[in-house]
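Reader: Good morning; could we go through this model together, beginning with the terms?

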Amino acid sequence: MAVILIVDDDAALRDTLREALADLGHEPHLADSGTAALALLSRTQVDAALIDLRMPGMDGLELLARIRQLPTPPPTAVLTAHATASNTIEAMRLGAFDHLTKPIGREELSRVLTAMLAAGAAPQSPIIPRADTGLIGSSDAMRAIQKTIGRLADSVATVLITGETGTGKELVARAIHDHGARSSEPFIAVNCAAIPTELMETELFGHVKGAFSGAVRDRLGAFREAQAGTLFLDEIGDMDSSMQAKILRALQERIVTPVGGASIPVKARIVAATHRDLRQRVANGTFREDLFYRLNVVPIHLPPLRERLADIVPLAEYFLSLAGSPKRLTAAAAAALIRYEWHGNVRELKNTMDRLTVTVQGNLIEAADLFAGESSTSRISAALDWPEEDLPTATLHLEELLIRRALARCGGNRAEAARLLNIHRQMLYTKMKRLHIEVSDDQTPGVTESDE
């Protein structure tokens, strides 16, 4: 039997978790605030902790940082009904074992606790919280990426980000930098596909004055400009083979040689990205195998937007707000966005929202406004197949579309569907009843049984 600390300002959720933990054979200890939790930890040894993110006074992130400073901190998971990219990344970076979205099912709770108790915890030095991030997304895929960013942000490990063009690879690289210990140092980005081969060496490694005709002054090069920060090598899969050998040497030996100069040590962390299949390129001899393994220390794959349906509307609304636009999407427009193919991924979605802020008169964006002038009718015919109806009716249809899609993707598991939709499970049940989608009523709002 393990001693588990539950910290939540909601008495009903504390009791629900207490009952679930007792059923699992553990001894729960309850605290209604961060202050009460620290007081309990000062007199009681606990084996693991579950803490709420949003609490009055000391919030979950501050409590997590305080717990991690204890001589023998228990493994701690953060629970929230309001998961964002920023609080997910920060929780993981501050040392959380996991970052979970409410409601949490009994099976998942048991799995997480088993892993936490097996892993234990080690003392950790204080970590300073970082600023917010523009990495938007609450889909399962993006949540996993956000957790990975939080875990690796303070490390020195080389990261390789893969994904189709326009999925946001540079945004992930910047999030790694901004949330890490190097955030006060420079972030230098180099697009390897945009620089001619004959200029790449001086672009990356620099040159000394007089090294060649036109070299009228010394140039540091990107490796040294990054100092102790982050060097982001975008589209590294398009790099010439001769430069690949020089990059490999720089990564292995942590030195660069400016054109016409002597070797100089460098400290920058390397984050690389590509839309190419590097394994295939290794197989056909166009990319060095040893460089691939040197880069692929921590791989992060960004799925295309068409596989992240839960992110489309939040991203669209974010881009509208980023442009300072008061315009809002109608339910039919939101449904059309979800049903569109987005070959250009997040970049195409942003460009579409930027265009709409200029071209749409009034503050409501209709489905017919979205793809005006689109030449590929196969990509828009399904998107615009939405009946003429008032906004409340269209909203109900959109909710039904999203709920049925989530249930289908989760094999009918209602708890998983609620997590996919980023809503409370009880709210999902209420909506399903209103939409006449069959649902049982014998459910608990905080901790759930797995749906069959």
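Predicted model: local features only at pLDDT ≥ 70, side-chain atom pairs only at ≥ 80, totals over all residues.

Reader: Then which residues is R419 in contact with, leaving aside neighbours within four places in sequence?

Author: R419 is in contact with T101, P103, I104, G105 and E108, once neighbours within four places in sequence are left aside. The C-alpha atoms of R419 and S139 are 8.7 Å apart, although 280 residues separate the two along the chain.

Reader: Is R419 buried or exposed?

Author: R419 is buried, because its relative accessible area is 14% and buried means under 20% (exposed is over 50%, partly exposed in between, with a 1.4 Å probe and protein chains only). R419 belongs to helix α19; helices are DSSP runs of H or I with at least four residues, strands are runs of E with at least two, and both are numbered from the N terminus.

Reader: How many helices and strands does the chain have?

Author: The chain has 20 helices and 16 strands. Of its 452 residues, 50% count as buried. Among contacts between residues at least 6 apart in sequence, 71% join residues at least 24 apart.

Reader: Let us turn to β1. How many of its residues are buried?

Author: In β1, 5 of the 5 residues are buried. V3, L5 and V7 point one way, I4 and I6 point the other way, and all are buried. Side chains in a regular strand alternate between the two faces of the sheet.

Reader: And what does β1 pair with?

Author: β1 pairs with β2 in the parallel sense over 5 bridges, where pairing requires at least two DSSP bridges between the strands. In β2, L30 is the bridge partner of I6, and P28 is that of I4. To get from β1 to β2 the chain passes through helix α1 (residues 11-23), and this β-α-β crossover is right-handed: with the strands pointing away from the viewer, the path from the first strand over the helix to the second runs clockwise. β1 is also joined by 4 bridges to strand β3 (residues 48-52), again in parallel, and in β3 the partner of I4 is A48.

Reader: Which residues of helix α2 are buried?

Author: Helix α2 (residues 34-43) has G34, A37, L38, L40 and L41 as its buried residues. Seen down the axis of α2, they fall within an arc of 160 degrees, so they line one face of the helix; the arc is taken from the directions between the helix axis and the C-beta atoms.

Reader: What covers the buried residues of α2, and which exposed residues are on the face turned away?

Author: The cover includes β1 (3-7), β2 (27-31) and α3 (60-68). On the face turned away from the buried side are the exposed residues T35, S42 and R43.

Reader: A change of topic: what is the volume of the largest pocket?

Author: The volume of the largest pocket is about 830 Å³. On a 1 Å grid over the protein atoms alone, a pocket is an open set of points with protein on both sides within 12 Å along at least five of seven lines, whereas a cavity is a set where a 1.4 Å probe fits but cannot get out; lining residues have an atom within 4 Å of a point. Points are joined across faces, edges and corners, and the volume is the space filled by probe spheres set on them.

Reader: Which residues lie nearest its centre?

Author: Of the 33 lining residues, A310, V313, P314, L402 and L421 lie nearest the centre of the largest pocket. Two or more lining residues come from each of α4 (85-93), α13 (309-322), α14 (331-339), α18 (391-409) and α19 (414-421). The largest share, 8 residues, comes from α18.

Reader: Finally, what is phi of W342?

Author: Phi of W342 is near 50 degrees, a positive value in a residue other than glycine. W342 is in the loop between α14 and α15 and counts as buried, at 0% relative accessibility. Among the residues that T352 touches beyond four places in sequence is W342; T352 itself is in helix α15 (residues 345-359).

Technical notes
Residues numbered from 1 in each chain as written. Heavy atoms only, no water. Contact = heavy atoms within 4.5 Å.
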